[in-house]
Amino acid sequence: MSESKTLDNLSNETRSFAPSKEFSDNAIATQARYDAAAADRLGYWADQARQVLTWDTDFTETLDWSEAPVAKWFVGGKVNAAYNALDRHVENGLGDRVAIYFEGEPGDTRTYTYAQLTEEVKKAANAFESLGVEKGDRVAVYLPMIPEAVITMLACARIGAIHSVVFGGFSADALRSRVDDADAKLVVTADGTWRRGKPSPLKPAVDEALSAPGHTVQNVVVVKRNGEPTEFGPLDKWWHDVVDSAGTEHTAVGHDSEHPLFVLYTSGTTGKPKGIVHTTGGFLTQTAVTHRDTFDLHPESDVFWCTADIGWVTGHSYVTYAPLVNGATQVIYEGTPDTPHQGRWWEIVTKYGVSILYTAPTAIRTFMKWGRQIPDGYDLSSLRVLGSVGEPINPEAWMWYRDVIGSNNGANGEKKANPTPIVDTWWQTETGAHMIAPLPGVTKTKPGSAQVAVPGISIDVVDEAGNSVGNGEGGFLVIREPWPAMLRGIWGDMERYKDTYWSRFENMYFAGDGAKKDDDGDIWLLGRVDDVMNVSGHRLSTTEIESSLVAHPYVAEAAVVGAKDETTGEAVVAFVILQAEPAEGEDVVATLRNHVGKDIGPIAKPKHVLVVPELPKTRSGKIMRRLLKDVAEGREVGDATTLADNTVMSQIAQSMKK
Ligand code: 6R9
């Protein structure tokens with residue numbers, strides 16, 4: 001075992017929670033899903049594709065893998081994403097159902113029924129076409145979380161234009177490099193948005209991005225959102241001028257199942273961002289199926305809220321596409337969780353009766369830090385499924401989510417007899433949709449584990465040589481079979497696609513994550529393999545040590561990195577944010593080191609524990625350990641352009657001097 005062992009197994013989490021009988025009895029997905037997929041994987045996906053989508057032309061072949069690793073799914077089929085997300089629901093008599101409840105940061109609200117949203121998307125499609133956008137053209141979307149973002153994406157999909165959403169928080173340089181890489185013809189943006197009660201501009205970054213010549217952009221459409229003064233140049237047009245007056249008739253034609261739906265850039269740790277390409281039929285099928293099954297979606301009664309920004313893949317799959325394809329009602333919120341107060345999210349849950357909440361561990365840990373008295377003051381009894389995505393969720397954060405959010409049965413402190421199931425969902429920009437996640441009516445869930453492959457998906461954990469590891473062992477997470485929502489390549493660079501994902505192991509997709517199987521064969525994600533630490537020959541993942549730290553009552557958040565060390569090769573260095581004041585005269589550092597030593601063993605005991613005010617995170621909430629490693633090794637801090645808050649590194653530097 002030791003030779004093939006790629007990651008040490010450190011945690012000893014043993015809690016588990018079976019679904020209540022009531023939940024199982026009413027669940028959308030039962031054991032039958034696993035059975036059907038196990039009996040005939042491709043047949044299962046073909047059935048699902050016909051169930052969740054309305055095809056203009058039926059497909060003739062489920063999967064063509066002859067040009068592996070580039071897949072073709074639902075070959076010969078024609079399908080329009082916007083028609084599936086909108087028109088067909090109206091045709092089926094659901095035009096009056098609410099599609100979107102929008103809540104702006106300043107408190108303004110808008111409601112769109114399916115009929116209204118369909119009309120808006122038709123108008124936007126006509127407007128974009130009148131600006132010369134055609135099928136196959138690229139459209140850069142640089143918008144805040146407002147309904148126009150979803151409308152723009154669906155209008156592109158309707159035409160067959162390929163959207164490329166760039167995070168509203170990214171710089172002018174980042175925007176320009178993405179516009180150039182995809183040769184975008186149109187940019188859709190806004191004057192700005194709101195952040196913590198203040199107007200936050202967007203348009204100046206577009207102006208700066210396009211100031212140097214040599215780009216392919218012919219028009220810039222600008223949504224008026226915050227009303228701040230905005231300079232207008234020759235390319236610029238107001239959204240309300242071009243879209244509001246556009247015609248409300250627009251016929252959606254079916255596009256080839258393999259027609260590209262969008263490009264989304266993902267940074268990775270090194271090199272220039274990769275434009276991940278997704279196509280239509282497979283992406284829509286797997287996002288819709290997983291949205292229905294992982295969240296137990298009952299579209300006629302549920303109110304779904306995914307808190308992700310559309311600049312992240314989660315906002316593509318589980319805001320713009322799956323919920324609308326499934327005919328669900330969803331909430332979109334523009335702002336930050338603490339504006340104007342730290343109860344804003346819970347206020348929104350109560351106000352709209354949100355029943356399914358999908359968010360990231362970073363948000364949950366922030367709420368833990370703020371204290372349970374805040375959510376305890378609201379009635380969260382409408383919630384019935386809670387989801388997590390983006391990072392491994394620490395068992396303690398998972399338990400808090402269940403106890404504080406999932407058990408809340410009213411502001412009077414009453415508890416639910418059966419707390420809501422928690423579904424931890426592992427997937428990536430590249431996978432397009434959930435790959436590992438429990439089925440809430442079937443799976444006995446475990447705090448901190450994403451657990452099992454979703455029906456029809458083939459996941460494994462392998463050692464250095466590509467052999468499956470046994471239960472209780474760690475290694476590399478791989479995907480053994482092609483899946484419908486898989487990326488079809490990197491925009492303009494097929495070699496890089498093959499090299500990045502398919503060269504590490506033969507015939508397996510390598511995700512870049514470490515993982516282990518527990519004694520039941522359930523999968524636990526252990527963080528990026530680039531972050532694995534080698535301490536005296538032991539391969540330690542960041543995740544389990546961080547989870548041990550977060551389990552201590554003093555610690556709100558933790559990030560662990562390996563720093564070069566003369567005796568042990570690498571030493572564990574922990575950066576922690578405290579949530580409680582230690583006892584008078586107590587040495588917190590010693591307390592936390594000893595805690596980890598006792599909890600998971602002396603080998604994992606951090607050599608240094610540094611108390612910091614903040615941790616560096618990307619816009620989607622992932623901790624950027626690479627920057628902390630630079631700090632721990634005393635180097636100048638590397639490229640920090642994807643940080644959500646660019647003052648964090650100087651705050652950390654300041655706290656080190658003290
Ligand atoms: C959807 C998304 C992908 C990377 C992935 C992994 C981490 C995401 C996770 C998780 C543990 C989960 N990740 N979900 N790790 N448990 N439930 O996040 O896409 O932004 O491309 O990031 O995020 O490391 O490889 P993306």
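Residues are numbered from 1 along each chain as its sequence is written, and side-chain values use heavy atoms, with hydrogens and water left out. Because the model is predicted, local features need pLDDT of at least 70 and side-chain atom pairs count only at pLDDT 80 or more, while totals for chains, interfaces and linings use all residues.

**The open sheet**

Helices (H or I, at least four residues) and strands (E, at least two) are DSSP runs, numbered from the N terminus. Two strands pair if DSSP finds at least two bridges between them. Four strands form an open sheet in the order 21-22-24-25, with antiparallel pairing. Strand 21 (459-462) and strand 25 (523-528) are at the edges with a single partner strand each, so one side of each has no neighbour in the sheet. From one strand to the next, the twist averages 45 degrees. Strand 22 (residues 474-479) is joined to strand 24 (residues 509-517) by five bridges in the antiparallel sense; in strand 24, lysine 516 is the bridge partner of glycine 474.

**The nonpolar cores**

A nonpolar core is a set of buried Ala, Val, Leu, Ile, Met, Phe, Trp, Tyr and Cys residues joined through side-chain atoms within 4.5 Å. Buried means under 20% relative accessible area, exposed over 50%, and partly exposed in between (1.4 Å probe, protein chains only). The largest core has 134 residues, and Phe128 and Leu477 have the most contacts inside it. Helix 6 (residues 147-159) supplies the largest share of this core, nine residues. A second, separate core of 30 residues includes Trp345, Trp346, Tyr352 and Met368.

| Pair | Sense | Bridges |
|---|---|---|
| Strand 16 and strand 17 (residues 329-333) | parallel | three bridges |
| Strand 16 and strand 18 (residues 356-359) | parallel | three bridges |

In strand 17, glutamine 330 is the bridge partner of phenylalanine 304, and in strand 18, leucine 357 stands opposite tryptophan 305.

**The cysteines**

The structure holds zero disulfides, a disulfide being a pair of cysteine sulfur atoms within 2.5 Å. The cysteine sulfur closest to that of cysteine 156 belongs to cysteine 306 and is 20 Å away, too far for a bond. Cysteine 156 counts as buried because its relative accessibility is 0%, and cysteine 306 is likewise buried, at 2%.

Notes
Axes are lines fitted to C-alpha atoms, for helices over the stretch in contact, and angles run from 0 to 180 degrees between N-to-C directions.
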